[in-house]
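Could you walk me through this model in the viewer, telling me what to select at each stop and what is there?

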Amino acid sequence: MKAILVRLLLAIPVLWGVVTITFLMLRVTPGGPFDREKVLPPEIKRNVEAQYHLDKPLWAQYGLYVKGLLEGDLGPSYKYVGRDVSRIIADTFPISATLGFLAFAFSLSVGIATGIVSGLRAGKWEDHLISGLASVGFSVPSFVLAAFLVYILSHWLHLLPPALIGSWKHFIMPTLVLAAGPTAYIARLTRANVIDTAVKDYIRSARARGVAEWRVLLQYVIRNAVTPVVSYSGLVLAFLITGSFIVEHIFAVPGMGRFFVTAVTNRDYPLIMGVTCVLAVVIILGNLVVDITLALLDPRLRERT
Amino acid sequence: MHGARLRLRFALCFGLVLLAACSGREPDTRREVRLALAGEPPTLDPGLATDNVSHSVLINLFEGLTEFDADLRPIPAAAESWEVLDGGRVYLFHLKPGLRWSDGRPLSAVDFEYAWKRLLDPITASEYAYFLFDVENAAEYNRGEIKSPSAVGVRALSDLDLEVRLVRPTAYFPSLTTFVVTFPVRRDVIEDHGKLWTEPENMITNGPYVLETWDHEYRVVLGLNPNYAGRRPFVERVTFYMVEVEATALSLYETNDLEMVKLPPEAISAYRDSEEFVRYPFLRGTYYGFNVKKAPFNDVRVRRAFALAIDKSKLPEILQGGELPANSWVPKGMLAYNPGVGLAFDPARARALLAAAGYPEGRGFPEVTAVFNTTPENLLVAQYLQSQWKKNLGIEIGLDNMEWKFYLSRLSTDPPPIFRLGWGADFPDPDNFMSLFAGWSGVNQTGWSNAGYDEIIRRAAQETATVTRIELYDRAQRILCEEEVPIIPLYTSTVNMLVKRYLRGFVPNAMDIRYMKGLYYRHTRAGLPPLFRWAGLPNPGEAVR
Amino acid sequence: MRRLPVLSLAFLAVMAGIAVLADLIAPYGYDAQDMGAILQGPSSSHWFGTDAVGRDLMSRLFYGGRVSLLVGVLSSVSATLLGTFYGGLSGLMGRRADQFMMRFVDIFYSLPDMLICILLLVFMGRNIFGVFTALTLVNSVTVSRVIRGEVLKLRHELYVDAARATGLSLMRILTHHVLPNTWPTLVVTLTFRIPASIITESYLSFLGLGLAPPHASWGVLANEGWTSLRFHPHLILFPSLFLCLTVYSFNRLGDWLHRA
């Protein structure tokens, strides 16, 4: 319990750093939110900038932002007039999170299952098949994968809708594309660990003692093989649930991931800051959850943390 | 009595449509049109919207004093008629009686007065406030030089009469009132709900449709406005899905999830012969500008040489979207369009001018770089121009591309020697295109200004006789595109669309304003007229034409 | 120990050869336009077909391979170097300094990669240096964490303590005593970083932030082609084939090194 508190305290300077660095990076980047092809008359630009305090010195803007942040106010979006960043995040985050959890569940279950199979059958055809598929999942850029999936499943077989949300069918393709990379990675990680642990002494002695094969597998091999997957999964989860620009963009999924790109091209400073903060918090929490899970899995770690 | 008959008609209509559905005709009884928007509308507040996405929704939610017909002439909408007084300095708009807001309250001229003053109020911080700067004291009020809104030259004389006093006679003013920023808004709604007044539960509109749902980042759904006094639209539900990727929108169109879609360039060749393919000109011009303040482009001969050395006939082949090459600046589809003006391809004359400027065969020409913002289309054009200038002038220019916002800030602080920009019409009058390069324009990045040009533009804006206006703009275009050449017009854009065959009544216009109220489904028209005649009903299809 | 992935190695060798010899073996220039041959499918004069402005796809793939491999390898190498020194020093220095340096890495770790890349590329322009810098920075964060972990494990090994006792500088301990022992991890990390960089580069292109045309990389080509799958399939098939097989081969190689 105390360890968790300490970790949370340590996260505060990291968060502060994220806010400050993002703020500075954005401001030194040329181009402003109200630079337009139809250049605004100076008096109008003044009105607009005054409304968002952009006419104040930089340190004052920074102070205002941090003050707002401490009060839980992420500020107004520059691009989406009249909508607060916190509202935008509240609208979009749940959708990204849903998609992310689906992809996470998929990659964890399929990745671990196939990883175990190919680990136990190392060198056999199952292993070759699974490892081959995993490598494909690993080496195809997601937009290419998406293009092929849409072509096959929507245009050719007419099985799934090519984009939008609205029914469970809509979520299948985005989930697959989003999960492809992590699934491949998890499968590979699990396989390697299964092979490693299978030759360990305690497994051999367990077998020698006449412990049933399925118990050996369940209790020793798989449990040990899963531990490194758990430590990897925290970060994956964080990235999956905060949304992927590419998947949301291609499948017209109204999630949060797209803002990591579009808000930058629009120079929508508060929105960028907002989504970045959310991502940072999720990453920190994700890592925390992972450490706790690890501690539960492995009693030896519990004492150290 | 009237209500009962109406209900009977609806019942009959409903039955007939059901019949049509049972006969197995495609499509079904759905009276919905689904379209793709390029993204989330930044706002649905008419006074604050600045972009096409918001406008394409707003145009169906509200109705201004005037609207466009297919040829982009302003025709009466909420206004029944208008009088031009005091030599063109005063406009008196008369509203149609009996118009109502979607909550049933009558539409009043006061709503227009409020909307316009709100637009100009510096507190509103509207980016399009300058749109009404032709109105007396509008600019001063917006700049904060005048504190009282009552000095602004717009006033409701009665519930139905709106008086607008202008700074100077302005020939195109009824065109301005087709634009979203001049649409009426409700004071009580805005004051009650603040920023959230554009949410579906709060929003009150006066157009054919009301905002039914707005799932942010996902879709906007419009439903019929029950109190709309104009013709009842055939389409009862309009759904805009926000789809950023054009290829995705096209997929949705093909899986019958959308009725209309913009066709991406790579797919045009595949659909060119389809019956669903629609192509029409769009009032958007693309040009390359010179920084005339700096050598070598402070020499008009060099600018002319560069303009003469481009064979624009190859541009459509490169761009693939049906773009129209142009030598003049006012685009096709607009008053005063004159393809006879401008410098046509003439490499010999270009070389002669260049030699006269002291760079025979391009020798001794300083290193210059053309800059543009990064898009595939811009890149293709830039590469082509680079090769043309090399081939026809012997000058090898550098190319540099920048991210959009970076580019814009560079243009306003330190314009590069040659740069790419475009301009889309806010209203379909040549003034909107020509005053871009006037001395008082803030959008002119070339650094060029010419008193003679400014004078002609000013006179043309006030001139009421169309023939004289065209003559004036011809003269101005000659100065801009032949004599002084601060810019090289390159091409005007086109819109490439796919529209389902069963969806009829789509009348494209060069502003690409898509009014949904005119759309209907073919099956009603093709299969039902005899029955409709028998029932004494107007054909809904014909009715909305 | 598993068999050497001969096929993968051979494929990579061929790709490297193509990249180096692109000038000699490419039938056309990477930016040579032929307006008479727009969007043609594979034919005898253009084996892989042509793109929207009549450029030969095969030539562009060859030149693009040069860019992709160069950016992938160079940014991975420099990220590994950078990450190794940062992570190594952090691991070797005292607890305080380590904590501080790792918090700093945490900050970058918590920033979205794409945000860093976009801002850098807006700054540096869409050229090979911009892409290289962005990829290096993003990669080195991961590497430095891995290496620090390794170093922490080694830190209390006898030879490190001994070296410390003799008063050697941290840098020297790092280069002479620690790195030789983390060498296998380094090589494996590097081999996995290369395909990751190549993929990331393709994502940058997808966002419109990769190399500015006419220069091409496999990522740029795949991005130019992915929307044309139904209309001009050659535009996406060939680039993704080159890209995927290369990434696949690197991963195979990495797997083998990891097991060996």
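Throughout this tour, buried means under 20% relative accessible area, exposed means over 50%, and partly exposed is in between (1.4 Å probe, protein chains only). This is a predicted model, in which local features need pLDDT of at least 70 and side-chain atom pairs count only at pLDDT 80 or more, while totals for chains, interfaces and linings use all residues. Residues are numbered from 1 along each chain as its sequence is written, chains are lettered from A and ligands numbered from 1 in the order in which they are written, and side-chain values use heavy atoms, with hydrogens and water left out.

**Stop 1: chain C as a whole**

You will find 9 helices and 0 strands, where helices (H or I, at least four residues) and strands (E, at least two) are DSSP runs numbered from the N terminus. Following the sequence gives the pattern α-α-α-α-α-α-α-α-α. The C-alpha trace of chain C spans about 75 × 45 × 30 Å along its principal axes. Of the 260 residues in chain C, 56% are buried.

**Stop 2: two helices of chain C**

Now colour α1(C), residues 6–25, and α9(C), residues 234–259. How far apart are the axes of these two helices, and at what angle do they pack? Their axes are 9 Å apart and the angle is about 130 degrees; axes are lines fitted to C-alpha atoms, for helices over the stretch in contact, and angles run from 0 to 180 degrees between N-to-C directions. α1(C) and α9(C) are therefore oblique to each other. On this scale, angles under 35 degrees count as roughly parallel, over 145 as roughly antiparallel, 65 to 115 as roughly perpendicular and the rest as oblique.

**Stop 3: E224(C)**

Next, pick E224(C), which lies in helix α8 (residues 218–225) of chain C. Is E224(C) buried or partly exposed? With a relative accessible area of 33%, E224(C) is partly exposed.

**Stop 4: from chain C to chain B**

Show the side chains of R230(C) and E254(B), which form a salt bridge whose closest N and O atoms are 2.2 Å apart. This pair crosses between chains, with E254(B) in helix α7 (residues 246–254) of chain B and R230(C) in the loop between α8 and α9 of chain C. A salt bridge here is a side-chain nitrogen of Lys or Arg within 4 Å of a carboxyl oxygen of Asp or Glu. Both ends are partly exposed, E254(B) at 27% relative accessibility and R230(C) at 24%. By this rule there are 56 salt bridges over all chains.

**Stop 5: salt bridges in chain B**

Stay in chain B and select D69(B) with R73(B), whose side chains meet in a salt bridge at 3.1 Å, N to O. D69(B) counts as buried at 17% relative accessibility, whereas R73(B) is partly exposed at 48%. Then move to R514(B) and D512(B), another salt bridge, at 2.9 Å, N to O. D512(B) is buried, with a relative accessible area of 18%. Finally, select D86(B), R89(B), E136(B), R155(B), E163(B) and R165(B), which are joined into one network by salt bridges that share partners.
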